[in-house]
Amino acid sequence: MHSDPIADLLTRVRNGAQSRLATVEVPHSKIKVEVLKILEAEGYIKGWEVTTETKFPTIRVQMRYDAKRKPVIQKIRRVSKPGLRVYKPSAELKPIRSGLATQIISTSSGVMTDREARKRKIGGEILCEVW
């Protein structure tokens with residue numbers, strides 16, 4: 001049992017990228033699927049699929065690399081942790097790394113990027129940062 005499933009997902013993706021793996025498997029949960037949808041839409045991963053080959057469903061994440069086989073994900077960092085939650089209102093959501101990085105935010109309207117949250121003028125819990 002993991003106490004922080006999102007940190008587990010991010011760690012497995014980070015380790016898979018550093019090891020240049022083609023795919024990474026993580027246990028299934030709804031929040032992980034939402035985070036992976038955003039990572040795919042932003043171009044950090046090729047794709048993902050839910051597999052039920054074992055007793056418990058898993059998510060198979062297809063990693064993405066550039067032409068020189070360097071990982072597209074340079075850094076992926078958990079911001080809000082179970083011991084210290086980080087909430088920001090929409091007015092405090094500023095672009096990070098000159099707008100080149102993406103923050104994934106859990107809001108009352110669902111999980112979305114920081115750009116979308118600023119556009120909709122809603123704040124929420126900052127789950128992670130990716131660049």
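**Strand pairing, cores and salt bridges in the predicted model**

Trp 48 stands opposite Val 61 in strand S3. The model is a predicted one, in which local features need pLDDT of at least 70 and side-chain atom pairs count only at pLDDT 80 or more, whereas totals for chains, interfaces and linings use all residues. Residues are numbered from 1 along each chain as its sequence is written, and side-chain values use heavy atoms, with hydrogens and water left out.

Strands S2 (residues 45-51) and S3 (residues 58-63) pair in the antiparallel sense over 6 bridges; strands are DSSP runs of E with at least two residues, helices are runs of H or I with at least four, and both are numbered from the N terminus. Two strands are taken to pair if DSSP finds at least two bridges between them. Thr 51 has Thr 58 of S3 as its bridge partner, and a hairpin of 6 residues joins S2 to S3. These strands belong to an open antiparallel sheet of 3 strands in the order S1-S3-S2. S1 and S2 each have a single partner strand and stand at the edges, so one side of each is left without a neighbour in the sheet. On average, neighbouring strands are turned by 20° against each other, direction ignored; axes are lines fitted to C-alpha atoms, for helices over the stretch in contact, and angles run from 0 to 180 degrees between N-to-C directions.

Two helices pack on this sheet. Helix H1 touches S1 and S3, and its direction makes about 165° with that of S1. Helix H2 touches S1, S2 and S3, its direction making about 155° with that of S2. Contact means heavy atoms within 4.5 Å.

Strand S6 (residues 102-107) is mostly covered, with 5 of its 6 residues buried (under 20% relative accessible area; exposed is over 50% and partly exposed in between, with a 1.4 Å probe and protein chains only). S6 pairs in the antiparallel sense with strand S8 (residues 124-130) over 5 bridges, and Gln 103 stands opposite Glu 129 in S8. With strand S7 (residues 110-113), S6 forms an antiparallel pair over 4 bridges, in which Ile 104 has Thr 113 as its bridge partner. A hairpin of 2 residues joins S6 to S7.

A nonpolar core is a set of buried Ala, Val, Leu, Ile, Met, Phe, Trp, Tyr and Cys residues joined through side-chain atoms within 4.5 Å. The largest such core has 25 residues, of which Leu 36, Leu 39, Met 63, Ile 73, Ile 104 and Val 130 touch the most other members. H1 (5-18), S1 (23-27), H2 (30-41), S3 and S8 each give two or more residues to this core. Apart from it lies another core of 7 residues, including Val 79, Leu 93, Ile 105 and Ala 117.

Salt bridges (a side-chain nitrogen of Lys or Arg within 4 Å of a carboxyl oxygen of Asp or Glu) number 12. One of them joins Arg 78 to Asp 4, with the closest N and O atoms 3.0 Å apart. Arg 78 lies in strand S4 (residues 76-78) and Asp 4 in the segment before H1, so the pair ties together parts that are 74 residues apart in sequence. Arg 78 is buried at 9% relative accessible area, and Asp 4 is buried at 15%. Glu 25 and Arg 60 also meet in a salt bridge, at 2.8 Å from N to O.
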